Amino acid sequence: MRKIYLVPALVGLLTSVAAGPLAAQGAVPKQKTAPRAAAAGAAPAAAAGATPTAAAETPAVPGEEKAIKAIDGFRSAKFGMSETDVRAAITKDFSAKPDAIKIQDNASELTRSLLLSAPELLPNGGTAELSYVFGYKSKSLIQVGAVWSKGTDTAMTAEKLFSNANILRAHFMGEGFKPDSVAVNMPVAGGIVMFRGSDAKDRSVILLLQGTFENKENNQRVLTPTSLLLFYVADAKSPDIFKLPPGQF
């Protein structure tokens, strides 16, 4: 079973993509077929050998300002819920039997997670693994994650991961997050942040395509995807995990 070490890693991601709309700079996903076009406002990820373009902001239309989307959890599971309530939400959303929901404790963060295998979480996207993370002090839901990889679905391919990432990025680009929080196609260590956005309370969605980079012609770095991670986070900057008090060591 995969260890859940998701919350603290997001702090670095939020720091690295804290600027406004961004596009990948010299890093593109590797694929065999042309990608789907992204939604307005996103820079489409280029095929291998192409030059990535800057992300374009959708011009505002007077009188049609879109309300900022609220990020309160994932489907029926809401931030702040107890484990009992989240189990009920999982059963409601996925008709999951009790023995299909696995428990995982994190010995270093002192958090607890519920894990569920979810076939076709994204239509035609293959099987993903969902993780519902409960805080160290609050014992309530602080994060929901979804992972697609060979580990969650042996039939998963790099092309499928890239397709899933494109579909989700296009969806999130039309959802109405805080404009100054949105970033797309941003290279980070080991992958590309395909999308990042926050709501008015700084709760965040992060879509991360992970893989291995290769240097191609013209010093272009090409990413071969190995996993796709999607996070819904209540507080990525100050997560409810165990930390040693100052001055003890």
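Phe172 has a relative accessibility of 4% in this predicted model, and because buried means under 20% relative accessible area, Phe172 counts as buried. Phe195 is buried too, since its relative accessible area is 0%.

These two residues form one of the six aromatic pairs that the structure holds. A pair of aromatic rings is described by the distance of the centres and the angle of the planes. For Phe172 and Phe195 the centres lie 5.5 Å apart and the planes meet at 25°, and because planes under 30 degrees apart count as stacked, this pair is stacked. The pair links distant parts of the chain, for Phe172 belongs to helix H3 (residues 158-173) while Phe195 belongs to strand E9 (residues 191-198), and the two are 23 residues apart.

Phe172 also pairs with Tyr232, with the ring centres 6.5 Å apart and the planes at 75°, and because an angle over 60 degrees counts as edge-to-face, that is how this pair is classed. Here again distant parts of the chain are linked, with Phe172 in helix H3 and Tyr232 in strand E11 (residues 221-233), 60 residues apart. Both partners, Phe172 and Tyr232, are buried.

A contact of another kind involves a charged side chain and a ring: Arg221 lies over the face of Phe213, at 4.0 Å from the ring centre.

Conventions: Residues numbered from 1 in each chain as written. Predicted model: local features only at pLDDT ≥ 70, side-chain atom pairs only at ≥ 80, totals over all residues. Heavy atoms only, no water. Helix = DSSP H or I, 4+ residues; strand = E, 2+ residues; numbered from the N terminus. Buried < 20%, exposed > 50% of the residue type's maximum accessible area, 1.4 Å probe, protein only. Lys NZ or Arg CZ within 6 Å of the ring centre and 35° of its normal.
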